[in-house]
Amino acid sequence: MNKFIKFNPLVWGLLLATVCSAATKPNVVIILTDDQGYADLGCFGGDHVQTPRIDRMAEEGAKLTSFYVAGSVCTPSRAALMTGSYPRRIGLAGGVFLAADHHGLHPDEITLAELMKSAGYATGMFGKWHLGDQPEFLPTRQGFDEFFGLPYSHDIHPYHTNPKHHFPPLPLMEMETVIEAEPDADYLTQRITERAVDFIGRHKDEAFFLYVPHPAPHRPIHMSPAFMQQAPEAILAKLKNETGVDYKTRDKLYNYAIREIDWSVGQILDALKANGVDENTVVIFTSDNGPSVGHAEPYSGKKGSSFEGGQRVPTVIRWPGTIPAAQTNDELMTAMDLLPTFAKLAGAELPDDRVIDGKDILPVLTENARSPHDVFFYYKGDDLKAVRSGRWKLHFGKVNGKDKARRGKGSSSPIMALYRLDEDPAERHNLFNAQPEIAEQLQAHAEAFELELKQNSRPAGWVDEAHPLTLLK
């Protein structure tokens, strides 16, 4: 069925305008980094990085220490954020999209941007999309009035480290048009930040939803000259003779890329204050999954992993006068919750023709309420790898397997394993045999959810012909 018939933003906007006009709707800003680890903020214990503006944001708001993304790699995680649904439910758990991909976020999905737009919000996205590069799947077809950025990760370019790939030049887009091929990646964070600040200034007199998904600090690591010059001279000297893209040397720039991310957050927060909308704006900072280069301590696992470091991400939220300052909140929350939470704040009506896995977490943030989630599920591709309920987490592996688990990128438990996360955050002490009743309870949750998914799933988008995005001459 045509999405416009099922969910007409203009109609909903008119219906909700009367209800919401009496109150000033809050602006919403989501800042999402790429492959930043749990420990890669000063306020999350990272002494290897300098993040004074994000640390101050945490002092003025809340640090969320049990905040999860619903996928451990780019596309699934972003799909869940935009739709409020587990990636497995919407057919997007399988992996990341590449250039000229036939797949994308289904046009019939109702995104957070579309919900905000239906409530009269101006919507802008500046950064990396990664939910399909064909016209049918672009941000401008999924609820965003404005888009400037990349259709996918900036490593999907001719210099990719896997020799089997032969990607076209990286496209930089304005709306649905490629405006540059192989843009200078050193300036991406700066250019995206400038666009975000400009958007705030132009929409200060109306409600707005601003989504800033940075390409950084995903590999290959780039930053503008002001931050690059802070790196050790030995690294800079090696990069002067760089052939192609030296990924490994650039990995050593990670901490300095985080500095530029922090600068960007500061620019956005300063713009809100300068335009007089600071106190009426909720800002959340988080990452799309665990680190590729960075750190996730005290948790095991990195990007692509079903251990905690793969999907538990550093998150800070700030809304002066509404979210109490200087608090640490350890209730389980997820990126899927942003859709129903912000839709409710905006006065938008959630669709009732589909399952939304996210929950309204505003009471958790403002009233010390308990998490609305009894259970959280960890998927790797289409396979359910683990389940958490309260302080307990069960991994699904072989019953009689050998416990020689890797704990890095892409890792999962090779055996059935039960961990008590509050006492064992690194997931080292397997209590599967010692606590069989708890393991059975978690197993039952998993089986029930898998059955429910079979009954309430939606397909990914597909186009028969997919073409590379190219610069028109």
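The model is predicted, and according to an unreviewed UniProt entry the annotation "domain: Sulfatase N-terminal" covers residues 26–348. That span is 28% helix and 18% strand, and its end C-alpha atoms lie 13 Å apart.

An open sheet is built from four strands in the order β14-β15-β16-β17, with antiparallel pairing. Its edge strands, each pairing on one side only, are β14 (376–380) and β17 (417–420), and from one strand to the next the twist averages 20°. Strand β16 (residues 392–395) is joined to β17 by four bridges, and His395 has Ala417 in β17 as its bridge partner. Across β14, β15 (383–389), β16 and β17 lies helix α14 (residues 436–455), which runs at about 125° to β15.

The structure also holds 16 aromatic pairs. One of them joins Trp129 and Phe144, whose ring planes stand at 85° with the centres 6.3 Å apart, so the pair is edge-to-face. Both residues sit in the loop between β5 (122–128) and β6 (146–150), 15 residues apart. Phe227 and Trp263 form a tilted pair, with 6.2 Å between the centres and 55° between the planes; Phe227 belongs to helix α7 (residues 225–228) and Trp263 to helix α10 (residues 254–274).

| Residue | Relative accessible area | Class |
|---|---|---|
| Trp129 | 1% | buried |
| Phe144 | 3% | buried |
| Phe227 | 12% | buried |
| Trp263 | 28% | partly exposed |

Charged groups meet rings as well: the charged end of Arg195 sits over the ring of Phe148, 4.0 Å from its centre, while that of Arg407 sits over the ring of Phe307 at 4.1 Å from the centre.

Notes. Residues numbered from 1 in each chain as written. Predicted model: local features only at pLDDT ≥ 70, side-chain atom pairs only at ≥ 80, totals over all residues. Heavy atoms only, no water. Pairing = 2+ DSSP bridges. Helix = DSSP H or I, 4+ residues; strand = E, 2+ residues; numbered from the N terminus. Axes fitted to C-alpha atoms, helices over the stretch in contact; angles between N-to-C directions. Contact = heavy atoms within 4.5 Å. UniProt positions renumbered as here; feature names shortened; annotations may be inferred. Phe/Tyr/Trp six-rings, centres within 6.5 Å; stacked < 30°, edge-to-face > 60°. Buried < 20%, exposed > 50% of the residue type's maximum accessible area, 1.4 Å probe, protein only. Lys NZ or Arg CZ within 6 Å of the ring centre and 35° of its normal.
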